[in-house]
Amino acid sequence: MKIGIIGKIHPVIIDSIELGQGVYYLEINLDDFINNAEDSMYFEPIAAFPSIEIDLALVVDEPVKNSEIENEIKKSGSSLLKSVRLFDIYRGKQLEDGKKSMAYSLTFLDRTRTLKDIEIEIIVKRILENLDKKFKAKLRD
């Protein structure tokens, strides 16, 4: 079912009004959108306790895929690990040939209490050990 349209405005039009950047157009039929939306929406309240975010830069062999690393991090993490996000891939002179650096942001949270640093250190250590065993991944210096 079509509920709207989206598209990029033609560059000739953009040039004629001298915007200097791409512009997109979106039109949605809200009645159709609302009538076809899922009824079961779930919202979580904002956590009363702070999350802890850890960044890890890993050096791995070039063929290793992001999905493989993310899956292993999630499997090795505990229920406190709420999200894993790749935010950088580096290939360059500072690394050996055939290697790349992949940097991840890990977010830990417990909605019932404030986390202790030692808890997160233990989980991160386990994650790094498992990544080393499976992919020979090392923390980037």
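This is a predicted model: local features need pLDDT of at least 70, side-chain atom pairs count only at pLDDT 80 or more; totals for chains, interfaces and linings use all residues.
**Entry 1: helix 4**
I looked up helix 4, residues 117-135, and found it lying across strand 3, strand 5 and strand 6. Against strand 3 it runs at about 15 degrees.

I get an open sheet of 4 strands, ordered 4-5-3-6, with antiparallel pairing. Strand 4 (81-90) and strand 6 (138-139) are at the edges; each has a single partner strand, so one side of each has no neighbour in the sheet.

I then checked helix 3 against this sheet. Helix 3 packs on it and touches strand 3 (52-61), strand 4 and strand 5. Its direction makes about 150 degrees with that of strand 4.

**Entry 2: strand 5 and its partners**
How many bridges join strand 4 and strand 5? I count 8, in the antiparallel sense, with strand 5 covering residues 99-108. I wrote down two facing residues for this pair: Arg-85 stands opposite Ser-105 in strand 5, and Ile-89 stands opposite Met-102 in strand 5.

Strand 3 also pairs with strand 5 in the antiparallel sense, this time over 10 bridges.

Is strand 5 enclosed or open? I find 9 of its 10 residues buried, so strand 5 is largely enclosed by the rest of the structure.

**Entry 3: Glu-72**
I went to Glu-72 next, which is found in helix 3, residues 66-76. Buried or exposed? Its relative accessible area is 7%. The cut-off for buried is under 20%, so Glu-72 counts as buried.

What does Glu-72 touch? Leaving out residues up to four places away in sequence, I list Asn-130, Leu-131, Lys-134 and Phe-135.

**Entry 4: the largest pocket**
Last, I looked at the largest pocket, which has a volume of about 180 Å³. Which residues line it? I have Val-59, Gln-94, Leu-95, Glu-96, Lys-99, Lys-136, Lys-138, Leu-139, Arg-140 and Asp-141. Sorted by type, the lining comes to 3 nonpolar, 1 polar and 6 charged residues.

Note on methods:
Residues are numbered from 1 along each chain as its sequence is written. Side-chain values use heavy atoms; hydrogens and water are left out. On a 1 Å grid over the protein atoms alone, a cavity is a set of points where a 1.4 Å probe fits but cannot get out, and a pocket is an open set with protein on both sides within 12 Å along at least five of seven lines; lining residues have an atom within 4 Å of a point. Grid points are joined across faces, edges and corners, and a volume is the space filled by probe spheres set on the points. Ala, Val, Leu, Ile, Met, Phe, Trp, Tyr, Cys and Pro count as nonpolar, Asp, Glu, Lys and Arg as charged, and the others, Gly among them, as polar. Buried means under 20% relative accessible area, exposed over 50%, partly exposed in between (1.4 Å probe, protein chains only). Contact means heavy atoms within 4.5 Å. Two strands pair if DSSP finds at least two bridges between them. Axes are lines fitted to C-alpha atoms, for helices over the stretch in contact, and angles run from 0 to 180 degrees between N-to-C directions.
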